[in-house]
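Here is a short report for a first look at this structure. Please view the sequence and the model, then read on.

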Amino acid sequence: MHKPDYKEARTRDKRDYKRMDFSFDKDILNKYCGKTYYIKTYGCQMNEHDSENISALLEKLGFKKVDSYLKADLVLLNTCSIRENAHNKAFGMLGRLKHLKNEKKDLIVGLCGCMAQETGVVERILKDYKFVNFVLGTHNMYQLPEIIDKAIVDNSMQIEVFSREGDLYEGLPVIRANPYKAYVNIIYGCDKFCTYCIVPYTRGRERSRKKEDILLEIDQLIKDGYKEVILLGQNVNAYGKDLYDDYNLGDLLEEIALKDIPRIRFMTSHPWDFTDKMIEVIGKYPNIMPSVHLPVQSGSSRILKLMGRRYTRESYLELFHKMKNKIPGVSISTDIIVGFPGEEEADFLETMSLVKECQFDNAFTFIFSKREGTPACRLEDFVPLEEKEERLQRLNEVVNYYFLENHKRLIGKTLKVLVEGISSKKNQYYGYSENNQLINFTSQKKLKAGEIVDVMIEEAKTWSLDGRS
Ligand code: SAM
Ligand code: SF4
């Protein structure tokens, strides 16, 4: 049994990690033919992509996917720790599974993802959720087949969580959820240690994949007919720093842009690491989508300092306007936290004024959530929850106003849309524009998912646009 340990998770040193090729233990290949599985994924795109690897690992064992946990022989929760409500959702699901297990004794229940890396969570599972068969950490997901096999064969709870990242595994199998848009990890972990954030503890230090491995994966995706690649990392701008002296996200984006792939996206970018070279490359190549997620978190330099964000309101705005000037037609989205410990009304008003200046194309807004083990958890928090909720509501009114205003400006314009699906209504389709807006549209022609078509925008809504092709 390996239980998580925050002290170790916080450690950053120059220890080498190796690049390893994943290989499957032949003895358990197809051993569970006839059994079914269900994965419940919480949280970010990283987790969604991890679930694509988990699906493939389970199918190699012989499991087949079902569309409800009630029908499954194995239920796996791929969890998120970023805010308390993500925790509550996963524990709520564990509660439902506890009841199910009373009726279905052979049900296998596993928990993986970020919550598995938290000491408090593992203690709670050991105490109150003894029916859970296994807990697997984020650093050793490649061990999933053997852990499941051990949990079933030994009929005992398996806890395998490494607090320090191990080797970087290549060649994990994958079953992608979308046949046209593919997630590609370029960097794991985070070294920024923003004071509110749990990610550096749950995902370990920044580890970049070798550029050759990334380019090879993209070549294969192109051969398989993918139209869009989304480069993933908690902080993609740090790409390459741990591996190369002179090769960064700008260079990687440029190499990918020269390939025959119509759409490239990347997320998430920390404003601190955004170089001029990256801006230049994004502006230069039409297949790098002009859409940047640039979380600001707060408009107050005082709060940004307490958050450990390494930039000020002024330097964020400078970067924001530089991007707007140098990347033609760029849309910029953001994340904002309200109610950080010590946030005064005056700080909040600075956030509101920054939002009014930036008029973001999209924004994810959150109330600060205390995460055990992070420095912000120890800060005195004197703002009552009702006041934080009221600030969030005021903020949402303003961000929503600009989403709609930005959308209204597109009425009468023609946008390129990657068709993702056909709605239940006749001749109705949906897809995403280059600026990552959701477009619902009609077409008299029969369209196929994966096509990129021109759509004339006719109506603006807050979170989507309607049009005609
Ligand atoms: N790495 C990205 C960055 O730094 O911009 C963000 C990654 S995090 C998964 C996504 C967002 O969750 C953050 O940008 C932040 O707004 C929010 N978040 C993280 N920790 C939080 C906390 N303790 N309470 C509320 N929101 C939080
Ligand atoms: Fe969390 Fe900050 Fe790292 Fe983003 S950059 S994952 S907010 S610590």
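Asparagine 436 sits in the loop between strand E18 (428–433) and strand E19 (438–442). Helices (H or I, at least four residues) and strands (E, at least two) are DSSP runs, numbered from the N terminus. Asparagine 436 is not a glycine, yet its phi is positive, about 70°. It is partly exposed, with a relative accessible area of 38%. Buried means under 20%, exposed over 50%, and partly exposed in between (1.4 Å probe, protein chains only).

Glutamine 359 also has a positive phi, about 45°, and is not a glycine. Its loop runs between helix H12 (345–358) and E16. Glutamine 359 is partly exposed at 28% relative accessible area.

## A cis peptide bond

Methionine 267 and threonine 268 are joined by a cis peptide bond, with omega about 5°. Threonine 268 belongs to the loop between strand E13 (263–267) and helix H9 (276–284).

## How the model is read

This is a predicted model: local features need pLDDT of at least 70, side-chain atom pairs count only at pLDDT 80 or more, and totals for chains, interfaces and linings use all residues. Residues are numbered from 1 along each chain as its sequence is written, chains are lettered from A and ligands numbered from 1 in the order written, and side-chain values use heavy atoms, without hydrogens and water.

## Around ligand 1

A nitrogen atom of ligand 1 is 2.5 Å from a polar backbone atom of glutamine 234. For serine 369, a polar backbone atom is 2.8 Å from a nitrogen atom of ligand 1.

Note on methods:
Polar contact = N/O pair within 3.5 Å; in protein donor to acceptor, adjacent residues only side chain to side chain.
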